[in-house]
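Please examine the sequence and the structure shown below before reading on.

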Amino acid sequence: MTDYPTADRVAGTGIDVARMRAEYETGGIDVEDLDGDPVVEFQRWLAIAVDAGVTEANAMVLSTVDADGQPWSRYVLLKDVDERGFTFYTNYGSNKSNDLDGQGRAALTFGWLELRRQVNIAGTVTRVDQAESDAYWAVRPRGSQLGSAASRQSEPVADRSVVDGWYEEAEARWADVPEVPRPSYWGGWRLEPHTIEFWQGRLNRLHDRIRYRRDPAGSGDWARRRLSP
């Protein structure tokens, strides 16, 4: 047997991460079980995750690549999904927006671990139009609006008090205004998928993977097939 290093030797935690594992005793999935449109199937999986009480079921890992070719990943929240793609909102001056502007491509990962499921998505990204960003901004809580208006996202700060000061300034500025206006530097991105993979955990690490790919000829049709785990 391989003598894996244990965490207590590595970091003094007493947790042996090399031997942490759980068997995924779940029902499998077949190509025929899934809708021909992967966006429709994703909407079904998301609804199941929400109904199952998965924490932040709309949380997804957004992966981008910067100008130096360095990949970066972070969690963002899905705010819309339809036939056009997957939409989220952020500061247009942030590192992730710079990556998206520069490369025009990204990947998303949803991990619903309680259900032994994940979905991986790759595609092209574009900014949503201003009217759509305005509509979403209008339904956000006031505190979230103030936070987004105050934040200089991704800029270095000396300490937390600087950020708190920005928020207090925004509070004072908009104190007598019923609706905080959306800043021009904040808005939505939409990822139009060309590949979507559904993953279901199974026993003995022989997981189910069904991948959809859009027809590269531009017909809009999706081809799907099973992949080896």
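A residue is called buried when its relative accessible area is under 20%, exposed when it is over 50%, and partly exposed in between (1.4 Å probe, protein chains only). Helices (H or I, at least four residues) and strands (E, at least two) are DSSP runs, numbered from the N terminus. By these terms, Gln-145, Leu-146, Ser-148, Ala-149 and Ala-150 are the buried residues of H5.

The model is predicted: local features need pLDDT of at least 70 and side-chain atom pairs count only at pLDDT 80 or more, while totals for chains, interfaces and linings use all residues. Residues are numbered from 1 along each chain as its sequence is written, and side-chain values use heavy atoms, with hydrogens and water left out.

**The chain as a whole**

- The chain contains 6 helices and 9 strands.
- Its C-alpha atoms fill a box of roughly 65 × 55 × 40 Å, taken along the principal axes.
- The chain has 229 residues, of which 37% count as buried.
- A contact means heavy atoms within 4.5 Å. Among contacts in the chain with a separation of 6 or more, 61% join residues 24 or more positions apart.

**The nonpolar cores**

- In soluble globular proteins, nonpolar side chains tend to be buried together.
- A nonpolar core is a set of buried Ala, Val, Leu, Ile, Met, Phe, Trp, Tyr and Cys residues joined through side-chain atoms within 4.5 Å.
- The largest such core holds 33 residues, and Phe-42, Phe-86, Phe-110, Trp-112, Val-119 and Phe-198 touch the most other members.
- At least two residues of this core come from each of H2 (38–51), S1 (59–65), S4 (85–91), S5 (105–112), S6 (117–127), S7 (186–200) and S8 (208–214).
- Helix H2 supplies the largest share of this core, 5 residues.
- A second, separate core has 11 residues, including Tyr-136, Leu-146, Ala-150 and Val-180.
- Not counting residues up to four places away in sequence, Phe-110 touches a set of residues that includes Phe-42, Met-60, Phe-86 and Val-119.

- Met-60 belongs to strand S1, and Met-60 counts as buried because its relative accessibility is 0%.
- Leaving aside neighbours within four places in sequence, Met-60 is in contact with residues including Val-76, Phe-88, Leu-108 and Phe-110.
- Met-60 and Val-76 are 16 residues apart along the chain, and 5.6 Å separates their C-alpha atoms.
- Val-65 also lies in strand S1, but Val-65 is partly exposed because its relative accessible area is 33%.
- Val-65 touches Gln-70, Pro-71, Asp-99 and Gln-103, not counting residues up to four places away in sequence.

**Helix H5 and its partners**

- The buried residues of H5 pack against H4 (130–138), H6 and S7.
- Helices H5 (142–150) and H6 (160–173) pack at an angle of about 115°, and their axes are 9 Å apart. Axes are lines fitted to C-alpha atoms, for helices over the stretch in contact, and angles run from 0 to 180 degrees between N-to-C directions.
- On the H5 side Gly-143, Leu-146, Gly-147 and Ala-150 take part, and on the H6 side they meet Trp-166, Tyr-167, Ala-170 and Glu-171.
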